[in-house]
Amino acid sequence: MYSKRFEKEAFKEEVKNNIKNLYRKTIEEATGRQIFQAVSLAVKETIIDYWLATQAEMEKEDPKTVYYMSMEFLMGRALGNNLINMTAYKEVKEALDEMGIDLNAVEDEEPDPALGNGGLGRLAACFLDSLATLGYPAYGCGIRYRYGMFKQKIENGYQVEVPDNWLKDGNPFEIRRDEYAKEVRFGGDVRIEYDPVTKRNNFIQENYSSVLAVPYDMPIIGYGNHVVNTLRIWDAEAITDFHLDAFNRGDYRHAVEQENLAKMIVDVLYPCDDHYAGKELRLKQQYFFISASLQALLVRYKKKHDDVRKLHEKVTIQMNDTHPTLAVAELMHLLIDQEGLEWDEAWDVTTKTVAYTNHTIMAEALEKWPVDLFSRLLPRIYQIIQEIDRRFIEQVRSRYPGDEGRVARMAIIRDGQVKMAHLAIVAGYSVNGVARLHTEILKHEELKDFYDMMPEKFNNKTNGITQRRFLMHGNPLLADWVTKRIGDGWITDLSQMSRLKKYVDDPKALAEFREIKYQNKLRLAEYIKKYNGIEVDPRSIFDVQVKRLHEYKRQFLNILHVMYLYNQIKDHPEMYFYPRTFIFGAKAAAGYVRAKETIKLINSVADVINNDKSINGKIKVVFIEDYRVSNAEIIFAAADVSEQISTASKEASGTGNMKFMLNGAPTLGTMDGANVEIVEEVGIENAFIFGLSSDEVINFENNGGYNPADIYFNDWDIKRVVDQLIDGTYSNGDREMYRDLYDSLVNTHGQERADRYFILKDFRSYADAQKRVEEAYKDREGWAKKALMNVACCGKFSSDRTIQEYVDDIWHLDHIKVDA
Ligand SMILES: *Cc1c(COP(=O)(O)O)cnc(C)c1O
């Protein structure tokens, strides 16, 4: 299948045979979904050979391997991406064409595996792509949720969540691995038994419930190098009676409980992004996949090595946020209770093996489990964490005698809660933030106590994205143009994009570049026509904000500004105004009321403005339903303006910002997260920056906030849009519909300050930046230069660069090489 060995006729035969054998049909009779299955299975045939070859190579070379532990992998569709990385996309497209099959249509039949919420899950997916492409041995470890991220429908302007039954027709790329199934135990109690021979206490968990964890492996294909790594996601099954210990056999109630536990545990991904909900089932999910992954990892290690005290020489474990932090205690448990190591030996191995990535500083996202829940569900794990905490507090006291305030702030267990971030930092050999600004805030604000005590652990790894999916696959017109201009080295070395700089003064190149953006805007306009029934003008400015809906991301600021522009146009119909299409896409967590109100507001504003004939279509507002990886690719390619307008200090990095940059959309944003580094790379003259700095925001926060009334009562335009939330303008006269949003801006509620996210404070500055966007866009060639400079300067933001830094500074992996 790799281009030089691709046998077109054999592939076509394979597809035909698959349709015949699977469905007893001819190609003409098969449904789109059936053709997708048949094509994918034909592709998998070739993948398997390289997958086996990679495994054989790892068997032979025994390289150091990273296990990337993550509750989420937002993979997106596999077929197109696999073909690209196999360098067989064009050939397969041709072969299918000859059979009368359109590859694009086949790709559209694939359900979008959405085992993630947003940025964090997509980062994990980009990292796996880069690891394989750079030739590093890696396993992704996660959960095979039966229902991934919900599908979003917009009904009457409101978000409605529909279950995502992504496995309904089977997943052609996965392989079930029964032989690696593992038992995972919950609850019960721990009996301590003294062993006079070893002179040790043994800790024996009894009266527990357990489930069987069964792994499914998915291939992760490196670009053009024949390396195929593995994403291993765990399903849960009931343990049959046969496996139960004697005590439990014949206990019907217990058997039913176990059956239910197995059904529930991998049922659904929690749709809360950057928000901790404290649900018992979530903790069970975490332990489930961590315990299964670590058990399997140890079995694999011990096949070749007899001394687990050297585990860290061959294995490193990266914890994507605190969700996998139970790995610390589970590894201790396995090393002590199963492998017979002493505490100090086990601690030495563990603290050389696990590393932690922090993804947020927002208090509401920090995981803190109630001690009673935790100790009931994971009694042995809790004992281990108590002992880790006891020893750590001893260290803090000896380092800072008499400073009990510090002890209280740093403890792992405190006030009836287990603080997962503290556990991750205490045990991890590396603690990293995800953009330079974020890491600095961690070191000097949120995690200051830990940084003071162990500065050597802290480091930054600015996030990145894979250009294979977000340019090559998502924007083939631009990808081909770039290759025509600078060759195809950028596919595995994005820094080569800088060679495009020589074309910013080449009128012919700029014209071609502009035409490509226009074609991509036509493609998105067709998508919008099809799914929203709205006509948008592809010559208008496509101003795009797509990301999870969060107050800190400030979609609210964006839509208030749209309301403000609409007022201006109504007041001054003669005023010059460059036509704009404001495009939104965002899912809100199902229980996040204010986020859902914001979605309704955006849709209401869209309704009013899009249907007001008097403004001659100067503004259109579009809310794209069900924002996900597959439509994201189309949206980035078509964007003119990238809205990255989070309250400074709140967005740890952002990766959407990088995808827009790669596709030639200048950033309209605050100096937050990776925006800071984007501006550094592209130059401030090629971005539109506004708003409070993170220092200013943090200063206000440390001093009781600011008073939005000063703005509300003194800026007439602002007061007008804010009042329009409660005068019925966008709610058919209903004055209550947006009362809560109104209140959030101007009234303090108990603990919550008015305008916590500095929307009114930043409004004028944002409106000014939007004015600068309009001015700049009027100069068509000037705009194309800015857009092209963004493409030319995006090299740093490849996840290949990020992964190389993880390897050099944290993981120290060995390379693998697979011959074709
Ligand atoms: C990249 C991406 C995100 C993250 O976007 P941010 O703007 O960084 O929050 C979320 N969802 C999808 C589908 C993505 O592709």
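**Exercise 1. Which domains does the domain assignment give for the protein chain?**

Solution. Remember that this model is predicted.
- Step 1. Start with domain 1, which covers 62–76 + 112–463 + 805–811.
- Step 2. Go on to domain 2, which covers 467–715 + 758–797.
- Step 3. The C-alpha centres of domain 1 and domain 2 lie 35 Å apart.
- Step 4. Look at the contact between them. Domain 1 supplies 42 residues and domain 2 supplies 45 residues.

**Exercise 2. Find the residues that touch the most other members of the largest nonpolar core.**

Solution. 
- Step 1. Nonpolar side chains tend to be buried together in soluble globular proteins.
- Step 2. Take the largest nonpolar core, with its 153 residues. Phe11, Met497, Leu500, Leu524 and Ile619 touch the most other members.
- Step 3. Check the domains. At least three residues of this core come from each of domain 1 and domain 2.
- Step 4. Turn to a second, separate core. This one has 130 residues, including Met69, Phe73, Met75 and Val349.

**Exercise 3. List what leucine 500 touches, not counting residues up to four places away in sequence.**

Solution. 
- Step 1. Begin with Trp481, Val482, Arg485 and Ile486, which are among the residues that leucine 500 touches.

**Exercise 4. Is histidine 312 buried or exposed?**

Solution. 
- Step 1. Locate histidine 312 in helix 9 (residues 311–314).
- Step 2. Read its relative accessibility, which is 17%.
- Step 3. Apply the cut-off: buried means under 20%. Histidine 312 therefore counts as buried, at 17%.
- Step 4. Name its contacts. Leaving out residues up to four places away in sequence, histidine 312 touches Lys64, Val349, Lys352 and Thr353.
- Step 5. Link back to Exercise 2. Val349 also belongs to the second core, the one of 130 residues.

**Exercise 5. Which residues are around the ligand, and how much of the ligand does the protein bury?**

Solution. 
- Step 1. Collect the residues around the ligand. They are Gly118, Gly119, Val546, Lys547, Lys553, Tyr627, Arg628, Val629, Gly654, Thr655, Gly656 and Lys659.
- Step 2. A polar backbone atom of threonine 655 is 2.8 Å from a ligand oxygen. For a backbone N or O atom of glycine 656, the distance to a ligand oxygen is 3.0 Å.
- Step 3. Check a side chain. An N or O atom in the side chain of lysine 659 is 2.7 Å from an oxygen atom of the ligand.
- Step 4. Finish with the area. The ligand taken alone exposes 390 Å², and the protein buries 96% of that.

Definitions and conventions. Residues are numbered from 1 along each chain as its sequence is written. This is a predicted model: local features need pLDDT of at least 70, side-chain atom pairs count only at pLDDT 80 or more; totals for chains, interfaces and linings use all residues. Side-chain values use heavy atoms; hydrogens and water are left out. A nonpolar core is a set of buried Ala, Val, Leu, Ile, Met, Phe, Trp, Tyr and Cys residues joined through side-chain atoms within 4.5 Å. Buried means under 20% relative accessible area, exposed over 50%, partly exposed in between (1.4 Å probe, protein chains only). Domain bounds come from an automatic or database domain assignment. Contact means heavy atoms within 4.5 Å. A residue is near a molecule or strand if one of its heavy atoms lies within 4 Å of it. A polar contact is a pair of N or O atoms within 3.5 Å; within protein, one must be able to donate a hydrogen and the other to accept it, and residues adjacent in sequence count only if both atoms are side-chain atoms. Accessible areas come from the Shrake-Rupley method with a 1.4 Å probe; for residues, only the protein chains shown count as cover. Helices (H or I, at least four residues) and strands (E, at least two) are DSSP runs, numbered from the N terminus.
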